[in-house]
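Hi,

Here is the structure I promised to send over. Have a look at it first, and then read on for my notes.

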Amino acid sequence: MRKFFKTVAIVTVFSVCEKFLGFLYRIFLSRSIGTEGIGMYQVALSVFALLLTVCCSGTPITVSRLMMKYKAENRPDKVKKVITAGLTLTLATALPICFLCFILQGHLGVFFADERCVKIFLVIIPGLIFTSIYSILRGVFWGEKDFLPYSVIELLEEACMILVGIALIVNVSSPYEGAYRAGVAVLVSYVFSFLLATAVFFIRKHKLKNPISEFKPLILASAPVTAMRTANSVVVSLISIILPLRLIASGLSEAEAMSAFGAAVGQAIPLLFIPTTLISSFTLVLVPEISENYYTKRHFYLKRDIEKSLKFSVLVTCLFIPVFTVLGEEIGIFVFDSYSCGKYLSASAFLMYFMSVSSITTSMLNSMGLESKTLLFFVIGAVLMLVCIWFLPALIGIYSLLVGFTFVYGISSVCNILLLKKVCVEKPVVSKFLLGSAILILPTSILGFMLKKLVLSSLGSILTMFIVASILVVFNCALFVGFGFIELKDLKQKISRLLGKKREKVKA
């Protein structure tokens, strides 16, 4: 267990640094190329993400699982074969897709609400080959439970994109030019991470071997995960295509529609993903543990891991929701200099609750081999989302996206919880915590609005934002303790044991 939490800590440190740098870069982009430029950049990236998902989304995690299986069976040759099979399948998919995109570039405009997005997409698309290969190498690192190279490379990739992006985007003359150069920076970072991961792969003395015998098991095992993630990427891409068109149909100009889309998808939604990002490293290390406990029928440990993971994820998320609800407008202006982003952030803050629960429970169920079930839940929500963004923009504009996301993550969260209780022999006890933590958001938010109204005029927006946010976090934690959702006794015991071990090491 100590090794598990040490690994989580290492991955978390690198992940937080990476996401923080990405967050700062997003601020730079927003202020340099505006919401219109962010909108074009986001649309091009979403279509690229769809193609990347088709190429390799389920293969890396499947390669890592099969590697662990073959290592447990002491079959090193099959480990080499499955790695080679993953690389071969990915290349066999990525190369033709890139070739077709360039051959058919004159017809790609039908996939974008704004024709300018096509050139941005085309400058990124060669990165499909490089990042697809890197994703398989990343799966190899997971299969070895060697998370340090993966974490370092991810951080350096982000740093590379930021440095190149800043160098290219400074003093751009238009939103389109800035979005295009941001696409160039993405391509450079993909090439960089590919070269770095390839070097580490061979330095670690990994070898390739004839993969023919491993193609079939790899394809069969990765298909459900690929289907799930492809469905997700298809929906994201459809949103990027349909929503701007429906906003234009509702009366907005092309520039206004792209600006609204950029404020919501390019600025507010990344902020909503902050809690999920913070727990992502925990999820990454947890998934193999849950998978192992499930298949070895260690029911008590499986129940314990599910309960603790869900409670930790929800607790972290609930600290953000009142802050974003109360101070969303101030945060949007402070971070992105965008009032539209702030309004959307405030209105959609509670969505983070469902996003967090959906993310952690989907990872748990996938680690138990229930990908087809989670896919079904997602498809049901996604269909309802597409209905929302088709019919609602005329009534509520960009907020139709919020209604749609609520269906996606809400349905997934509820159905995932019910399925976890069904498949676990020892049923996780989480309903009281989940309901109670959601209810406690209300009094915390009410306190926040009262404090904001009281001090905003005298302290100004920036000082009010930091003071009120700090008070809300402390007050929320106090409520969790007061209602018994956080056990101080257990926390004190863990701290005492940790300090006791450190004293013993010092004496030794």
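Aromatic pairs first: the count in this predicted model comes to 17. One of them joins F433 and F480, with ring centres 6.1 Å apart and planes at 55 degrees, so the pair is classed as tilted. F433 sits in helix α17 (residues 431-459) and F480 in helix α18 (residues 461-482), so this pair links parts that are 47 residues apart in sequence. Both partners are buried: F433 has a relative accessible area of 6%, and F480 comes out at 0%.

F433 also pairs with F485, this time edge-to-face, at 5.4 Å centre to centre and 75 degrees between the planes. Here the partner is in a loop: F485 belongs to the stretch between α18 and α19 (488-507), while F433 is in α17, so the pair ties together parts 52 residues apart in sequence. F485 is buried as well, at 18% relative accessible area, which counts because the cut-off for buried is under 20%.

Elsewhere, F350, Y353 and F354 make up one aromatic cluster.

For W390 the charged end is that of R246, 4.2 Å from the ring centre. For Y70 the charged end is that of K78, and the distance to the ring centre is 5.1 Å.

Nonpolar side chains tend to be buried together in soluble globular proteins. In this model the largest nonpolar core has 142 residues, and those with the most contacts inside it are I83, F121, L128, I306, F324, I331 and L401. Which helix gives the most to this core? That is helix α1 (residues 2-56), with 17 residues.

Setting aside residues up to four places away in sequence, I306 touches I290, M364, M368, L420, C424 and P428.

Is T131 buried or exposed? Its relative accessibility is 8%, so T131 counts as buried. Beyond its neighbours within four places in sequence, T131 is in contact with F48, L52 and Y190. Of these contacts, F48 and L52 fall within the residue range of helix α1, 2-56.

Cheers

Technical notes: Residues are numbered from 1 along each chain as its sequence is written. This is a predicted model: local features need pLDDT of at least 70, side-chain atom pairs count only at pLDDT 80 or more; totals for chains, interfaces and linings use all residues. Side-chain values use heavy atoms; hydrogens and water are left out. A nonpolar core is a set of buried Ala, Val, Leu, Ile, Met, Phe, Trp, Tyr and Cys residues joined through side-chain atoms within 4.5 Å. Buried means under 20% relative accessible area, exposed over 50%, partly exposed in between (1.4 Å probe, protein chains only). Helices (H or I, at least four residues) and strands (E, at least two) are DSSP runs, numbered from the N terminus. Contact means heavy atoms within 4.5 Å. Rings of Phe, Tyr and Trp (its six-membered ring) pair if their centres lie within 6.5 Å; planes under 30 degrees apart count as stacked, over 60 as edge-to-face and the rest as tilted. A charge sits over a ring if NZ of Lys or CZ of Arg is within 6 Å of the ring centre and within 35 degrees of the ring normal.
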